[in-house]
Amino acid sequence: MNIQEALFKYTLRLGDTNLILGQRLSEWTGHGPFLEEDLALTNIALDIIGTANSLLEYAASIENKGRTADDLAFRRNDRQYYNAQLTELPNGDYARTIVRQALIDCFDLYFYQELAKSKDETLAGIANKSIREVTYHLRHTSSWVERFGDGTEDSHNKAQTALNELWQYTGELFEMNDVDKVLINEGIAVDLNSVKQKWEKHISELLQKSTLVIPENVFMQTGSRNGIHTEHLAFILAEMQALPRMYPDAKW
Amino acid sequence: MSLSKEHILSLLSEIPDPEIPVITILELGVIRDILVIDDTNIELKITPTYSGCPAMKQIEDDVRKKLTEHGFTSITINTIFSPPWTTDWITPQAKEKLRQYGIAPPETTTEDKSWLTGKTKAIACPRCKSLNTKLISQFGSTACKALYQCNDCLEPFDYFKCI
């Protein structure tokens, strides 16, 4: 695999993860538990979709085959998507949405801190931009994890159930394949082992404060690096892609 | 004889921010570089405030409209990400305009890292100047704002958060 090919696949993977998460989160728009939370999640979704747009535009330019960011977003099938499975799972209740978001915000913070040192200037620039936004996201979501976990019996149980169900999807975040190897050698990609250590420390401290327990002996789901997904991705794509698929020449 | 960079700057300084019309896009600090190639050719570098800021497209359109009116036929606008936009780039005059408009301007510079730890300074109410205010939500009506309320005059207000 040459560097250009690896860089395209890497950038596409990052773009897909942001796009699907942003699309999922935006399902809360108009349905938040109260107005301020509605605004908060919508704002977070907007930041994430903005990052997805920057990444997919860059991916399209690396590929250089005349495809645009919109083509990448709207004209691929589920098996051609490389987002982490965690991002495509249904939102569930608010505790589940927040626990997932905190797990990902924390990953993103340490990931972008490393990616900001990349030799690829565009990726480093996008990462540097996102660090500032993700810092706000993590502050918000971790404050809710704490309140849910250390709140009422009901909120605690909902947060713990969410954690029990979601934990099996966290292994994927740190998986590396040939794409990563090629680019790590070039000083472009992030070695996810270093991110994993920081993430585990941060998350275990947060969960301890929140009286939540990491489930033990969990089988880790895998597949998204090869385009294998849960049943939920095809449904989210069907909704997201309906208009461009129905009217392929539609312009804003 | 092509227009000077100063002339272009004065043209751009007539364009208001689409979401906060009391300040201009120049005062906001999103225009990073201008390269006048000749009478009809110009290149600009622009940087987003927030990754998903929906106003960026509007700003681009407004810039194109303004420059087209002044004879430019080839206008290239490139989006750059580095260095990332920061509220430190909002000019002091613009911060005062924000305050008068009812939006509390960013109080701290990003240099002191308080935006990372969450220990922010007390935010002054833009109406009665009281420091006795409370955070309602980290996220407000646009990506760049948080919601506060003044405990003294009881008015809710937007705070332009530090980034």
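**Entry 1: α5 and α9 of chain A**

I began with a helix pair, and α5(A) crosses α9(A) in a right-handed sense. The model is predicted, so I read every value here as computed from a prediction. I looked up the packing angle next. Helix α5 of chain A covers residues 94-115, and it packs against α9(A) at about 140 degrees, with the axes 9 Å apart. That angle makes α5(A) oblique to α9(A). The limit I needed here is that angles over 145 degrees count as roughly antiparallel.

Which residues of α5(A) and α9(A) make the contact? I listed both sides.

- From α5(A) come A:L103, A:C106, A:F107, A:Y110, A:F111 and A:E114.
- From α9(A) come A:S194, A:V195, A:K198, A:W199, A:H202 and A:I203.

I then sorted the contact of α5(A) with α9(A) by class, and got 8 nonpolar, 2 polar and 2 charged residues.

**Entry 2: α1 of chain A and its partners**

I moved to α1(A), residues 3-25, and took α8(A), residues 178-185, as its partner. Their axes come within 9 Å and cross at roughly 120 degrees. I noted the crossing of α1(A) and α8(A) as left-handed. On the α1(A) side I found A:I3, A:A6, A:L7, A:K9 and A:Y10. They meet A:V179, A:V182 and A:L183 of α8(A). How many residues of this contact between α1(A) and α8(A) are nonpolar, polar or charged? I counted 7 nonpolar, no polar and 1 charged.

The other partner I checked was α2(A), residues 35-63. Here the axes of α1(A) and α2(A) lie 7 Å apart, at an angle of about 155 degrees. The angle therefore makes α1(A) roughly antiparallel to α2(A). I recorded a left-handed crossing for α1(A) and α2(A) too. The contact of α1(A) with α2(A) divides into 18 nonpolar, 6 polar and 1 charged residues.

**Entry 3: chain A as a whole**

I stepped back to count elements. Chain A has 10 helices and 0 strands. Read from the N terminus, its order is α-α-α-α-α-α-α-α-α-α. Is chain A compact or extended for its 252 residues? Its radius of gyration is 18 Å, close to the 18 Å from the globule rule, so chain A is as compact as a globular protein of that length. I also took the extent along the principal axes: the C-alpha trace of chain A spans about 55 × 45 × 30 Å.

A:N217 has a positive phi of about 50 degrees, although it is not a glycine. Most residues other than glycine have a negative phi. I placed A:N217 in the loop between α9 (192-209) and α10 (232-246) of chain A.

**Entry 4: chain B**

I repeated the count for chain B, which has 5 helices and 7 strands. Along the sequence its pattern is α-α-β-β-α-β-α-β-α-β-β-β. Its C-alpha atoms fill a box of roughly 55 × 30 × 25 Å along the principal axes.

I then looked up the domains. The assignment for chain B gives domain 1 (5-79) and domain 2 (92-160). Over C-alpha atoms, 27 Å separate the centres of domain 1 and domain 2 of chain B. In chain B, 9 residues of domain 1 are in contact with 9 residues of domain 2. The side of domain 1 that touches domain 2 has 5 nonpolar, 2 polar and 2 charged residues.

I checked the peptide bonds as well. B:S82 and B:P83 are joined by a cis peptide bond, with omega about -5 degrees. Most peptide bonds are trans. I found B:P83 in the loop between β3 (74-79) and α4 (92-101) of chain B.

**Entry 5: where chain A meets chain B**

I finished with the interface. 24 residues of chain A are in contact with 18 residues of chain B. Which helices of chain A each supply at least two residues of the side that touches chain B? I found α2 and α6 (121-149) of chain A. The largest share of that side, 14 residues, comes from α6(A). By class, the side of chain A that touches chain B divides into 7 nonpolar, 10 polar and 7 charged residues.

Technical notes:
Residues numbered from 1 in each chain as written. Chains lettered and ligands numbered in written order. Predicted model: local features only at pLDDT ≥ 70, side-chain atom pairs only at ≥ 80, totals over all residues. Axes fitted to C-alpha atoms, helices over the stretch in contact; angles between N-to-C directions. Helix = DSSP H or I, 4+ residues; strand = E, 2+ residues; numbered from the N terminus. Left-handed = near helix turned anticlockwise from the far one by under 90°. Contact = placed C-beta atoms within 7 Å. Nonpolar A, V, L, I, M, F, W, Y, C, P; charged D, E, K, R; others polar. Parallel < 35°, antiparallel > 145°, perpendicular 65-115°, else oblique. Domains from an automatic or database assignment. Rg over C-alpha atoms; globule rule 2.2 N^0.38 Å.
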